[in-house]
Amino acid sequence: MPAVQVENLVKTYGDGTQAVKGISFKVDEGEFFGFLGPNGAGKSTTIKILTTLLRKTSGLANVAGHDIEHDPQKVRKLIGVQMQDTVIDEDLTGRENLTLQGHLHQMHGEELKERVNTLLKIVDLENAADKRSAYYSGGMKKRLDLASTLVHRPKILFLDEPTTGLDPQSRATVWSYLKELNQEGITIFITTQYLEEVDRLCRRLAILDHGEIVAQGSPSDLKSEIGADRITLGFENGNPGAGALKDKAKQVLSNLGGITEVVDSDEGIVIYVKNGGFLVPDIVRAFDGAGIKLASIGVSSPTLDDVFLKHTGRRIRPEEIDKSRASGMFGRRRR
Amino acid sequence: MTFISDTYYMFLRWMKKLVRNPILLFFSLFQPIIFLLLFTQLFSSFGVLLGVNYTLFATAGIVLQNAFSSAFQSGTAIVDDIKSGFLAKILATPASRASILLGRLLSDAFRVFAQSLIILLLAYGLGVFPATGILGYILILVTVAFFGLAWSGISLALGLRTKSAETVFGIAGTLTFPLLFMSTALMKPQLMPTWMQNVSAYNPISFAVNAIRDLIMTGYVWNSFSQAYGVISLIAVLTLGATLYEFRKVVS
Ligand SMILES: Nc1ncnc2c1ncn2[C@@H]1O[C@H](COP(=O)(O)OP(=O)(O)OP(=O)(O)O)[C@@H](O)[C@H]1O
Ligand SMILES: [Mg+2]
């Protein structure tokens with residue numbers, strides 16, 4: 001029995017916004033499932049529907065074996081939800097926040113006390129457990145929020161960007177904890193901007209764009225679908241965003257052989273090509289001949305970034321990409 | 001029955017929040033205390049006109065005025081919960097939906113109960129002791145708490161509908177004084193202009209005030225007591241109905 005099964009799910013908001021336009025997908029029990037997409041794609045909307053917080057417009061959705069519309073109470077008992085914005089009661093202490101969640105899930109007494117202690121330890125909040133959470137740092141609040149979704153040992157965890165806003169160390173801790181949870185058999189449904197972690201941990205993923213699923217599969221399948229290396233061309237005079245230069249560059253590229261695909265990106269132009277390394281000299285020569293000034297050129301084997309870019313035409317997060325681009329760069333030409 | 005335990009834990013949460021915001025607690029009591037100390041001094045000569053001890057007369061009105069304005073905190077609290085996402089967080093648990101509202105309303109009733117007790121103790125210091133004695137105290141507090149619970153429904157419904165604390169505050173601020181002054185809270189009807197007497201006669205605050213005033217000044221007056229409970233029950237049905245209706249819309 002799948003943990004999540006969605007068929008033709010549609011959500012149209014009251015103001016007419018079509019946030020989700022008939023998506024279908026399945027998450028198996030025990031899976032670590034990534035749900036990716038650019039801003040406004042409909043990820044949070046989907047999560048709210050699956051967690052019974054928002055009524056769907058049409059379609060079918062089963063979560064933990066129960067229909068979300070007919071059996072919402074059964075669904076609620078089996079899931080844990082962390083919303084995109086951190087939600088804790090800041091007037092309560094960390095311990096009280098967790099205990100309240102337990103109480104609302106019918107947990108009591110020693111069992112609950114122990115569970116809360118364990119979780120406080122796991123998210124490294126033991127020392128601040130009895131401090132009002134208003135005085136927690138942003139990262140501490142986020143970790144408390146995560147812990148509060150786990151009190152009742154949910155079978156399925158829905159996490160909407162659980163590591164955004166955490167420092168790299170806490171982020172790594174949370175990811176490794178999620179991995180542990182998954183190994184214990186908890187199904188994880190996660191939206192995130194961190195593609196490297198998705199690549200490492202998610203068994204399967206779906207990419208949502210403008211309310212539609214544009215790709216789904218395992219990270220390795222999706223990457224090999226691209227079947228080519230990536231060459232990133234950066235231009236001088238800022239980005240060639242203004243059409244003319246870009247068009248000219250594309251014109252030049254179209255005369256070169258072996259190119260699978262040319263995609264516009266925030267930084268310039270991305271080319272997908274088999275054996276990218278061999279094409280670089282040709283590109284440089286051709287651009288020289290056409291008088292196009294290149295600021296940088298980089299080659300890398302495909303990553304989830306490329307999968308994302310290919311299907312949505314967008315980078316997931318510019319500042320993240322800067323880092324990976326720097327490492328994938330082998331030549332930088334300036335004149 | 002998880003409904004009862006859920007309600008209890010929701011109630012407990014609100015009580016914790018209340019005692020951890022002493023400033024809010026202080027200011028919500030500040031106004032009635034000022035009223036009690038200043039109005040009764042300022043208007044003490046009314047007492048002569050009315051032929052009563054004005055402090056004795058006004059205590060019921062001040063207790064009710066406090067309940068009235070205190071009830072509006074409920075709506076702003078629910079707006080906070082909607083905005084912060086905490087309401088959604090609770091809704092994602094199997095907690096009984098009704099317990100969410102009831103827990104809040106009970107905490108409102110409890111707060112008004114405690115505030116009224118403080119006012120009555122202060123009034124005692126000013127020489128006010130109910131004609132009905134200790135049992136009278138209990139009846140007064142229960143009546144005020146019931147009134148507070150009923151009024152909280154209005155502010156809850158407003159909060160759920162407008163999702164704006166400013167709006168709830170604005171409406172509360174606009175309503176408080178006209179409703180208070182056009183009631184028997186601080187003045188006998190005889191001294192009002194005729195049109196105001198008519199308004200006052202139908203003003204729900206008047207009914208509650210009259211019942212409590214009788215408990216303080218006269219004794220057990222079945223008539224005023226039963227009328228007050230009739231009116232408050234009616235308000236409760238209307239406001240809680242509106243609250244449920246708005247809550248359903250938010251929850252769906
Ligand atoms: N309550 C609402 N009323 C109307 N439109 C809404 C509402 N909530 C979201 N939307 C719209 O629905 C679309 C999808 O929003 P959603 O929050 O699901 O996106 P998302 O994929 O989670 O984006 P992000 O990565 O920015 O969190 C957006 O166009 C958004 O403006
Ligand atoms: Mg979102």
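Predicted model: local features only at pLDDT ≥ 70, side-chain atom pairs only at ≥ 80, totals over all residues.
The phi of A:Asn8 is near 50°, a positive value in a residue other than glycine. Most residues other than glycine have a negative phi. Two further positive phi values in chain A are taken up below, along with the elements around them.

Chain A as a whole has twelve helices and 15 strands. Its C-alpha trace spans about 80 × 45 × 35 Å along the principal axes. Of the 335 residues of this chain, 55% count as buried. The contacts of chain A can also be sorted by separation along the sequence: among those between residues at least 6 apart, 69% join residues at least 24 apart.

The magnesium ion (ligand 2) is coordinated by the OG atom of A:Ser44 and the OE1 atom of A:Gln84, at 1.9 to 2.1 Å. These two residues link distant parts of the chain, being 40 residues apart: A:Ser44 belongs to helix α1 (residues 43-50) of chain A, while A:Gln84 sits in the loop between β6 (79-82) and α3 (94-104) of chain A. The surroundings of the two can be compared with the cut-offs in hand, since buried means under 20% relative accessible area and exposed means over 50%. A:Ser44, with a relative accessible area of 18%, is therefore buried. A:Gln84 has a relative accessible area of 34% and so is partly exposed.

The buried residues of α1(A) are A:Lys43, A:Ser44, A:Thr45, A:Thr46, A:Ile47, A:Ile49 and A:Leu50. After α1(A) comes A:Thr52, whose phi is positive, near 70°.

Another positive phi, of about 60°, belongs to A:Asp124, which is not a glycine. The place of A:Asp124 is in the loop between α4 (109-122) and α5 (138-148) of chain A. A:Asp124 is exposed, with a relative accessible area of 59%. A:Leu294, by contrast, is buried, with a relative accessible area of 10%, and lies in strand β14 (residues 294-300) of chain A. From A:Leu294 to A:Thr86 the C-alpha to C-alpha distance is 43 Å, and the two are 208 residues apart in sequence.

Attention now turns to helices that pack together. Two packed helices are described by the angle between their axes and the distance between the axes. One such pair brings chains A and B together: α3(A) and helix α1 (residues 2-19) of chain B pack at an angle of about 160°, with their axes 9 Å apart. Angles over 145 degrees count as roughly antiparallel, which makes α3(A) roughly antiparallel to α1(B). The crossing of these two helices, α3(A) and α1(B), is left-handed. On the α3(A) side the contact is made by A:Glu96, A:Leu100, A:His103 and A:Leu104, and on the α1(B) side by B:Asp6, B:Tyr9, B:Met10, B:Arg13 and B:Lys16. Sorted by class, the residues in this contact of α3(A) with α1(B) are four nonpolar, one polar and four charged.

A second pair lies within chain B. Helix α5 (residues 73-84) of chain B packs with helix α8 (residues 133-162) of chain B at an angle of about 30°, and their axes are 7 Å apart. With angles under 35 degrees counting as roughly parallel, α5(B) is therefore roughly parallel to α8(B). The crossing of α5(B) and α8(B) is right-handed. Here B:Ser74, B:Gly75, B:Ile78, B:Val79 and B:Ile82 of α5(B) meet B:Ser152, B:Ser155, B:Leu156, B:Gly159 and B:Leu160 of α8(B). The residues of this contact of α5(B) with α8(B) divide into five nonpolar, five polar and no charged.

B:Phe43 is found in the loop between α2 (22-42) and α3 (44-50) of chain B. At 22% relative accessibility, B:Phe43 counts as partly exposed. The C-alpha atoms of B:Phe43 and B:Trp195 are separated by 22 Å, the two residues being 152 residues apart along the chain.

Key:
Residues numbered from 1 in each chain as written. Chains lettered and ligands numbered in written order. Heavy atoms only, no water. Axes fitted to C-alpha atoms, helices over the stretch in contact; angles between N-to-C directions. Helix = DSSP H or I, 4+ residues; strand = E, 2+ residues; numbered from the N terminus. Parallel < 35°, antiparallel > 145°, perpendicular 65-115°, else oblique. Left-handed = near helix turned anticlockwise from the far one by under 90°. Contact = heavy atoms within 4.5 Å. Nonpolar A, V, L, I, M, F, W, Y, C, P; charged D, E, K, R; others polar. Donors = N, O, S within 2.8 Å, 3.2 Å for Na, K, Ca; no water. Buried < 20%, exposed > 50% of the residue type's maximum accessible area, 1.4 Å probe, protein only.
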